[in-house]
Amino acid sequence: MKRHIPGLHSRPQDRESLLQGLFLVRVDSSSYRWHPQKPFLSVRFIVVEPEPFAGRSLSGRLYCTERALWKLNWFLRDFGYDSDLLSQDQVDEKALLELRGVVRTSHVTLNGRSFQNLEAFAPVAEWEELSCETVGGKQRQRSGDDL
């Protein structure tokens with residue numbers, strides 16, 4: 001039996017579900033995922049601030065390839081990860097839980113799929129200063145090295 005379901009062939013983009021901007025977050029979960037070319041750490045965050053987004057979650061990948069380790073290191077340092085574990089090149093998924101920091105996100109679409117992009121990080125102590133730079137929901141233009 002065939003059924004006609006209007007709109008089935010075209011899935012509307014759910015851009016509302018992808019958070020984009022600057023957020024104060026805490027790490028809710030993480031897991032290392034092995035892949036032959038691009039192993040990565042999958043991290044799920046819960047938004048703490050701004051208030052309209054509090055409680056929502058966002059996820060992203062931090063790749064563990066030689067060329068991408070700088071970004072993983074940046075994330076770990078800014079979120080206050082254990083410096084002893086970091087100096088031993090160890091990532092303990094349990095030690096990541098509840099760490100807090102600032103993340104700037106965007107989304108990218110590749111081959112018709114949308115992905116959350118973790119662009120930049122900052123320590124939780126910088127949240128007040130960074131959040132004040134957001135005016136009317138839009139961030140000021142900055143150089144690529146700034147958060």
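D92 counts as partly exposed, because its relative accessibility is 35% (buried is under 20% relative accessible area, exposed over 50%, and partly exposed in between, with a 1.4 Å probe and protein chains only). What you're looking at is a predicted model, where local features need pLDDT of at least 70, side-chain atom pairs count only at pLDDT 80 or more, and totals for chains, interfaces and linings use all residues. Residues are numbered from 1 along each chain as its sequence is written, and side-chain values use heavy atoms, with hydrogens and water left out.

**The overall layout**

- The chain has four helices and seven strands (DSSP runs numbered from the N terminus: helices are H or I with at least four residues, strands are E with at least two).
- Out of 147 residues in the chain, 32% count as buried.

**Around D92**

- You'll find D92 in the loop between α2 (83–87) and α3 (93–96).
- Together with D82, D84 and E93, D92 forms a negative surface patch.
- Patch members have over 30% relative accessible area and no salt bridge, and like charges are joined within 9 Å, while nonpolar side chains (Val, Leu, Ile, Met, Phe, Trp, Tyr) are joined within 5 Å.
- For the charges, Asp and Glu count as negative and Lys and Arg as positive, with His and the chain ends not counted; each charge is placed at NZ of Lys, CZ of Arg, CG of Asp or CD of Glu.
- Accessible areas come from the Shrake-Rupley method with a 1.4 Å probe, and for residues only the protein chains shown count as cover.

**Helix α1**

- Helix α1 covers residues 69–78 and includes L69.
- L69 is partly exposed, since its relative accessible area is 40%.
- Although L69 and F40 are 29 residues apart along the chain, their C-alpha atoms are separated by 9.9 Å.
- The buried residues in α1 include W74, F75 and L76, along with K71, L72 and D78.
- After α1 comes G80, with a positive phi near 80°.

**Strands β4 and β5**

- β4 (residues 100–110) and β5 (residues 113–122) pair in the antiparallel sense, with nine bridges (strands pair if DSSP finds at least two bridges between them).
- Across from H107 sits Q116 in β5.
- The β4 and β5 hairpin has two residues between its strands, and N111 there takes a positive phi near 50°.

**Salt bridges**

- The structure contains four salt bridges (a side-chain nitrogen of Lys or Arg within 4 Å of a carboxyl oxygen of Asp or Glu).
- One of them joins R26 and E98, whose closest N and O atoms are 3.6 Å apart.
- R26 is in strand β1 (residues 21–33) and E98 in the loop between α3 and β4, so this pair ties together parts that are 72 residues apart in sequence.
- Another links R44 with D28, at 2.2 Å from N to O.
- Here R44 lies in strand β2 (residues 40–49) and D28 in strand β1, so the parts tied together are 16 residues apart in sequence.
- R44 is partly exposed at 32% relative accessibility, and D28 is partly exposed at 26%.
- R26, D28, R44 and E98 are linked in a salt-bridge network.
- R104 and E119 also form a salt bridge, at 3.0 Å from N to O.
- With R104 in strand β4 and E119 in strand β5, the pair ties together parts that are 15 residues apart in sequence.
- R104 is buried, because its relative accessible area is 15%, whereas E119 is partly exposed at 29% relative accessibility.
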